[in-house]
Amino acid sequence: MATILNDISRTFSEYLLLPRLTRKEQRADKVDLSAPLSGFGEKAGFTINVPVVSACMQAVSGARLSIALARQGGLSFIFCSQPIESQVEMVRQVKAHKAGFVQSDSNATADMTLEQVIELMESTGHSTVPVTHDGTATGKLEGIITDKDFWIHEDDLTRTVRDHMTPIADVIHGLDGISLREANELLHRHKKDCLPVVDDKGHLTALVFKKDYEDHRRHPMELLDESKRLCVGAAINTHDYKERVPALIAAGADALCFDSSDGFTEYQMEGIKWIRENFGTDIVIGGGNIVSAEGFDYLVEEGGLDFIKVGIGGGSICITREQKGIGRGQASALLEVAERRDEYYRETGRYIPICSDGGLGNDTQIVIALAMGADFVMMGRYFAMTEESPTPKTSINGQMYKPYWGEGTLRAQNWQRYSDGMSTRKMVFEEGVDAYVPMVGPLAEVLETTLFKLRSTMVNIGADSLAEFRERAILTLVSEQSVVEGGTSSVFQFNSKSEADDGNWGRNS
C-alpha cells in the first residue's frame, strides 16, 4: 500500500512570525537583501542584490521586464517555450544594456535626408542620432546629428544629413575601454549630453548619455556582470538543451534554469550532466521543481546543481494538483527541503540556495517564505501585473488588466515542459489556466513597496541580512480565529483602492 506521511500539507498563510529584539541602531534602509543564486563553498557564488526572480513564463519574462528587474537588483529567467533564435535575441537585448553604455538603436548615414532623420527621431523618440558609414550601430562613425542641428520649419528637409551634422573631427568621443567614470567626466568637462565611444578603427561601439548618469544614480542596486552589463537568466528544457544551451551561453546568459513542473526525473539529470561535461562549473544551473528532501538529494548530490526550485502546484494559474493529484503545500515543501539543505551544508561544506516557486499570494507570504529558509523567491503573477510584462493591456469594465496564462496551458503550447518522453508533440490535458490579472503599475514602484515591507519585518526580527533573518525567525501556526482577529473588525471602510494596490496583487479571474 502507499506510504502515508503523518503530517499536514501546509501553506504560508498558516504561519506568523514572532517579533524578536530590535536594536536601536537598526534601520530598514541599511538591511542587506543580497542573496546567493549559486552554491558556495568550493567556489565564489553568483549573488543577486534582492531576493526576487521572475518566472520562466511567456506572460512574464520578456526582454523589457528582464531589463526592469535587473535594474532593481533582481533577475529574470527568459522563457524557453519559444524558438531558440527568439530567446537568444531576448537575452542579447538585455545584455546590450551596459550600465551607462548603450548600443545605439537609431542610426543614420550621411546621405540620408533631413526628412528621413526626422522620421527616425519621431519613431524612436531619440533626439541624438549617430551617423555611420553604413547606418548601423557598429559602423564607422562619421558624425552626430541632433534635433538642434536643424529647424524643421525653416531648413530644406531634402538636404542631406552631411550638410547639418557635426563631423567626427569635431565630435567629442571616447575610446573603447573607457570607464564609465571617465566617460561621465568627459561629458561634464565638455558640457555634452552624449558621448560616442569608438574602437581603434573608428567604429561605434556604444553611447554614453548625461541622462543615464542621473538614471544610474537612481538605480544603485542594478545587477551587473563584470563588464557592467545587466544580468539575465534563461530557462531551458530537457528536450533541446544540446542546441539551446550553447546558443544562450554565447549570447551572454548569466544563469540557466530547467523549466519543469516536476524536476525529479532522469531527463533533467541527463541534461545537468551534459551541461557540466561540456561547459564546466562556471555556468550557473538551477533545477527542479521538487517538494521533498529525496528530490533535493537526487538533483544536488548526483547532478551538482547551483540552486534548486521548490514547489509543485502552488502557482496562481497552476492546476497540477487538481489534474494529477501531485504536489504539496508550499510551506511544508519548503521547510523539508530547507532542513535537508542545511544538513547537506553541514555534511559537505557546500551551500545550495533554495528558490521558493509558487504559493505566494501577497507580500507577507514572500516574507514568510524567506523566513522559512528560501534564499530567494520566483514569481509569475506578481510580475505579470506590471507595465513591463510582455502582454498587452486590456480594459475590462473600466479597469486595466493584462492576460496571464500558465506554461501548462494550450495557449502556451509548451508541450516539452510536461512531456514524459512518450507523448507525441501535443498537450493531452492542461495543467494551467488562461486568465487576466489587474495592472498595478511600473515594476519599480511595486517592488519598492514589497522590499520595504521585507526590510521592515527584518528589523522587527532583529536581522541585518537574509541569512540572519532565517536564523532568528520564530514561526507559529495560526488558527482560523486568529486570522479573523488579525483583520479589521467592527469598522466600516470605503474601498477606494483595489486589492492589488494593497499588496494582495489582485484576484484571480
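Guide: Contact means that heavy atoms lie within 4.5 Å. This is a predicted model, in which local features need pLDDT of at least 70 and side-chain atom pairs count only at pLDDT 80 or more, whereas totals for chains, interfaces and linings use all residues. Residues are numbered from 1 along each chain as its sequence is written, and side-chain values use heavy atoms, with hydrogens and water left out.

Visitor: Leaving aside its neighbours within four places in sequence, which residues is asparagine 460 in contact with?

Guide: With those neighbours set aside, asparagine 460 is in contact with Pro19, Arg20 and Thr22. Arginine 20 is 440 residues away along the chain from asparagine 460, yet their C-alpha atoms are separated by 6.2 Å. Asparagine 460 itself is found in helix H14, residues 443-461, where helices (H or I, at least four residues) and strands (E, at least two) are DSSP runs numbered from the N terminus.

Visitor: Why is asparagine 460 called partly exposed?

Guide: The scale calls a residue buried under 20% relative accessible area, exposed over 50%, and partly exposed in between, using a 1.4 Å probe and protein chains only. Asparagine 460 has a relative accessible area of 38%, and is therefore partly exposed.

Visitor: And what makes asparagine 289 buried?

Guide: Its relative accessible area is 3%, so asparagine 289 falls in the buried class. This residue lies in strand E16, residues 284-290, a strand that is mostly covered, with 7 of its 7 residues buried. Across the protein, 52% of the 509 residues count as buried.

Visitor: How do you know that the side chain of asparagine 289 makes a polar contact with the side chain of aspartate 357?

Guide: A polar contact is a pair of N or O atoms within 3.5 Å; within protein, one must be able to donate a hydrogen and the other to accept it, and residues adjacent in sequence count only if both atoms are side-chain atoms. The distance between the side chains of asparagine 289 and aspartate 357 is 2.9 Å, and the pair is listed as a polar contact. The side chain of asparagine 289 also reaches the backbone oxygen of glycine 311, at 2.7 Å. Beyond its neighbours within four places in sequence, asparagine 289 is in contact with residues including Ser260, Phe264, Lys309 and Ile312.

Visitor: In what sense do strand E15 and E16 pair, and over how many bridges?

Guide: Two strands pair if DSSP finds at least two bridges between them. Strand E15 (residues 255-258) and E16 have 3 bridges and pair in the parallel sense; alanine 255, for example, has valine 284 in E16 as its bridge partner.

Visitor: Why are H6 and H7 called oblique to each other?

Guide: Axes are lines fitted to C-alpha atoms, for helices over the stretch in contact, and angles run from 0 to 180 degrees between N-to-C directions. Angles under 35 degrees count as roughly parallel, over 145 as roughly antiparallel, 65 to 115 as roughly perpendicular and the rest as oblique. The axes of helix H6 (residues 241-251) and helix H7 (residues 266-279) come within 11 Å and cross at roughly 45°, and H6 and H7 are therefore oblique to each other. The contact is made by residues among them Tyr241, Val245 and Ile249 of H6 and Gly271, Trp274 and Phe279 of H7.

Visitor: What makes H2 roughly parallel to H6?

Guide: Helix H2 (residues 84-95) and H6 pack at an angle of about 20°, with their axes 9 Å apart. That angle makes H2 roughly parallel to H6. Residues including Ile84, Val88 and Val91 in H2 meet residues including Arg244, Leu248 and Ala251 in H6.

Visitor: Is the crossing of H2 and H6 left-handed or right-handed?

Guide: A crossing is left-handed if the near helix is turned anticlockwise from the far one by less than a right angle, and right-handed if clockwise. The crossing of H2 and H6 is right-handed, and the crossing of H6 and H7 is right-handed too.

Visitor: Why does leucine 65 count as buried?

Guide: Leucine 65 has 0% relative accessibility, and therefore counts as buried. Leucine 65 lies in helix H1, residues 63-71, and, apart from neighbours within four places in sequence, is in contact with residues including Ser54, Val60, Phe383 and Leu443.
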